[in-house]
Amino acid sequence: MITIDKDTARRFILGKQGLWPGRRWRGPHGTAQALREMEYLQLDPLQVIARSHDIALHSRVLDYQPGMWEDLAYGQRQFFDWGGWLATRPMEELPYWRVIMHRERDGHNDVDARILKMGKEHADAIVEMRNLLQERETVSNRDFKAANRKRTQSYRGRKDSSVALYYLWRTGEVMTHHRENFERVYALTENVAPEEFIRESDPDEADLFLIQKEISFSGLSRLDRKADGFQRGVPFSKKEALRESLLANDKIVEVKVKGWRSTQYMLTHDVPLLDAVAAGGVPEAWRPLDTDTTQEVVFLAPLDKVSARGRAKVVFDFNYVWEVYKPAEKRQYGYYTMPILWGDQLVARFDSKFDRTSETFVILGLWLEDDALGQDDDFAGALARGFARFVRFLGASQLDAQAINEPLLRKRILAEKSG
């Protein structure tokens, strides 16, 4: 077993996700590299400032522009999207995921049982949509008027046509051909994926693959059964046997983090990276192409793996809840508050909006974990550079920072934007 301290664990987790010590990828090619290194890019339709997945890539990739991932996925077919926990995956992984797709179709105990039920309840509409997809190149939910369809109470649509298309997508008969305003446009799988990937892996190989992908995604993982992991198809019913097999074959190693109660697991081939971090260094592969996170803060997307769903508290001792779905009166900070990473710590958070009519990025509030940061010139410069880059990413022409109470921070942010 490897023993490390919390600082090492935190930097390793950030580094595995491409967030520390700075952006190490650039442009469209770098976006593809980031998507593979991240393991999953969780997709979310909500667009307040920008979509969460675009913010996640902005925080990792220099010169990233919203939509770059879409060209890689739907233009170049390097990636595909899928799942109740919606995310992109490399196209070459499709054979593994087809095992999970078919388990969902057949009602396997390690998958979402609602998909099997959906198939039974909407069998006629599924046959109809299957036939239409064979006749046409693409089909979308918008092709069918609600008045002409059977109404449903499904969590996946109010029309039987919508539910049927979703079922065919979840079970692998169709894939996302492209998106229009984030809505899926479907096509038969053979019209989307390269032929060599339209096959099923051996189920045992798929199980081992999924467990290792889950560990890599977390950097350090307890391998506990949780809703997100379950929706990613991780076979928790076989967890013990799979873990012992991976340990015996030196594919994973146990890690003890001082101060954390549970044993963690990491991929064996990542041990040299961990060793470099534990020694106080930075792995060569992680060296940033531009500013590091001490020189320029990074804003974490609401669904970022390192901070979402309570992980910020464990890794950073930072309480973070995405309050977008809370009633306004119950929000502590704001509708779309995001954490701010400085160095290897979460030190603040801010809420904002993007007024597209006036092209103004408006900071609605900034909250510091330590009030002394409001007088820290190094932090002020790093924060200003982070906001300046974010404004360029959004395509805003103006910045409203009047809600920032700290004069030094407000002055530096406005000066950096003007410069």
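I began with Gln-212, which is partly exposed at a relative accessible area of 24%; buried means under 20%, exposed over 50% and partly exposed in between, with a 1.4 Å probe and protein chains only. A note on the source: this is a predicted model, where local features need pLDDT of at least 70, side-chain atom pairs count only at pLDDT 80 or more, and totals for chains, interfaces and linings use all residues. Residues are numbered from 1 along each chain as its sequence is written, and side-chain values use heavy atoms, with hydrogens and water left out.

**Entry 1: around Gln-212**

I placed Gln-212 in helix H9. Helices here are DSSP runs of H or I with at least four residues, strands are runs of E with at least two, and numbering starts at the N terminus. Setting aside neighbours within four places in sequence, I found Gln-212 in contact with Leu-246, Lys-251 and Leu-267 (contact means heavy atoms within 4.5 Å). I also looked up Tyr-265, which is 53 residues away along the chain; its C-alpha atom is 9.7 Å from that of Gln-212.

**Entry 2: H9 against H5**

Next I followed H9 (residues 203-218) to helix H5 (residues 94-106): their axes come within 9 Å and cross at roughly 105 degrees. That makes the two helices, H5 and H9, roughly perpendicular, a label for angles of 65 to 115 degrees; under 35 is roughly parallel, over 145 roughly antiparallel, and the rest oblique. Axes are lines fitted to C-alpha atoms, for helices over the stretch in contact, and angles run from 0 to 180 degrees between N-to-C directions.

Which residues make the contact? From H5 I listed Tyr-96, Trp-97, Val-99, Ile-100 and Arg-103, and from H9 Pro-203, Glu-205, Ala-206, Asp-207, Phe-209, Leu-210 and Lys-213. They divide into eight nonpolar, no polar and four charged. Ala, Val, Leu, Ile, Met, Phe, Trp, Tyr, Cys and Pro count as nonpolar, Asp, Glu, Lys and Arg as charged, and the others, Gly among them, as polar.

**Entry 3: a three-stranded sheet**

I then traced an open sheet with the strand order S7-S11-S10 and antiparallel pairing; two strands pair if DSSP finds at least two bridges between them. S7 (139-140) and S10 (174-180) are at the edges with a single partner strand each, so one side of each has no neighbour in the sheet. Helix H7 (residues 123-135) packs on this sheet and touches S7, S10 and S11, its direction making about 75 degrees with that of S11. Six bridges join S10 to S11 (residues 183-188), and Val-174 has Leu-188 as its bridge partner in S11.

Is S16 (residues 345-355) mostly covered or uncovered? Covered: eight of its eleven residues are buried. S16 pairs antiparallel with S15 (residues 338-342) over five bridges, and Ile-340 is opposite Ala-348 in S16. Their hairpin has two residues between the strands, and Gly-343 takes a positive phi near 65 degrees there.

S16 also pairs antiparallel with S17 (residues 360-368), over eight bridges, and Ser-352 is opposite Ile-363 in S17. This hairpin has four residues between the strands, with Glu-359 at a positive phi near 55 degrees.

**Entry 4: the whole chain**

Last, I stepped back to a protein of 15 helices and 18 strands. Buried residues make up 58% of its 419 residues.
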